[in-house]
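Visitor: I am new to protein structures. Could you walk me through this one?

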Amino acid sequence: MQSASKARKNVRLSRTVLKVVLLLALLSFITWQLISQDWSKMNAFHLKHPVYLICALVLVVANQGCEWFKWKRVARSLTSDPKLIRNAFFSGIGTGFMTPNGWGNFMGRMVYFRKRDRLYIVFSSFISNVSQVLPTVFFGAIACLYTDRLNIGIGGSVLLIGTVILLAFFFGEYLIPERKTRNRTLRKLQWMKRRMRGLRLPLFLWSNLRFIIFSAQYVFLFMAFGYTDYWFLTIHVWLIFLLTSFVPSLWSGKLLIRETAAIFAFKGSMVAIPDVVLVSLLIWVLNIILPAIVSSFVWIPVSKNKQQVNVVD
């Protein structure tokens, strides 16, 4: 027991050291890039088109709205109480903020429902998160064809990976046999397969719409500070999303990771590096910090008996 406890402590210590080292490395890289830039070319502190900044802010609602409809589609087999669904959604935003890549949103949602529903919430949240990766991969592959930052071979590899994920997303359930079995794990998987039938396509469509909205937000922020080549900006924003989608984030919102990827994507282009860093930070504030602040006003339910009254079988 003591050796197991010691091993866990060593793992936690190793993770902490890794976080610190990575944080310092990214900070050093970004600082070096900022110091080496010609700040006279910086546009970010000269807001030229405020209307685009307002559009980016308004799209925060649309962005979270897509995630809301995804969760609502998942939750309709759990309860018919709109308040319970809403509170679970905001609670999921809160726990997602505190977990790498935001994939821990299921933890905040589970506390509002019965123990027997937790497996479904975990699986459906995982499927929902995977559905968000798919447009990132496919639009990222398109970006590889129009940028010199990555070669076409990488774009082809990304497209192949995306195709594999897409096939697994839509047809992976067919690998679970339908025959009757005494195996408890297999029976749970069969039950989950029946319950999640018809869920994947709506999640996929909402995820694509959310990706487009997210891309538009990023581009609007650049345009607010005077950049006008919409297609150039869009392609490189897709490239940023691709570069960060498969990088494990040790803290919420890929802070510094997205900024580093953005520097790589726009380095040597018409976009000044200081502008790139500031816009990336603004995206983080708009889409991560603001929703997390709103979600903080949702209370965790204190009575399981009260929450189970509204849950349907």
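**A look around**

Visitor: Which residues is F123 in contact with, leaving aside its neighbours within four places in sequence?

Guide: Contact means heavy atoms within 4.5 Å. With neighbours within four places in sequence set aside, the contacts of F123 are L189, M192 and M196.

Guide: A word on the model before we go on. It is a predicted model, where local features need pLDDT of at least 70 and side-chain atom pairs count only at pLDDT 80 or more, while totals for chains, interfaces and linings use all residues. Residues are numbered from 1 along each chain as its sequence is written, and side-chain values use heavy atoms, with hydrogens and water left out.

Visitor: How far apart in space are F123 and M196, C-alpha to C-alpha?

Guide: F123 sits in helix α5 (residues 118-146); helices here are DSSP runs (H or I, at least four residues), numbered from the N terminus. In sequence, F123 and M196 are 73 residues apart. From C-alpha to C-alpha, their separation in space is 8.8 Å.

Visitor: Is K70 buried or exposed?

Guide: K70 belongs to helix α2. Its relative accessible area is 1%, and buried means under 20%, exposed over 50% and partly exposed in between (1.4 Å probe, protein chains only). So K70 is buried.

Visitor: With which side chain does the side chain of K70 make a polar contact?

Guide: A polar contact is a pair of N or O atoms within 3.5 Å; within protein, one must be able to donate a hydrogen and the other to accept it, and residues adjacent in sequence count only if both atoms are side-chain atoms. For K70 the distance is 3.1 Å, and the partner is the side chain of Q132.

Visitor: What are the contacts of F266, leaving aside its neighbours within four places in sequence?

Guide: F266 is one of the residues that touch the most other members of that core. Beyond its neighbours within four places in sequence, F266 is in contact with F222, F232, L233, H236, I240, V271 and V276.

Note on methods:
Helix = DSSP H or I, 4+ residues; strand = E, 2+ residues; numbered from the N terminus. Core = buried A, V, L, I, M, F, W, Y, C linked by side-chain atoms within 4.5 Å.
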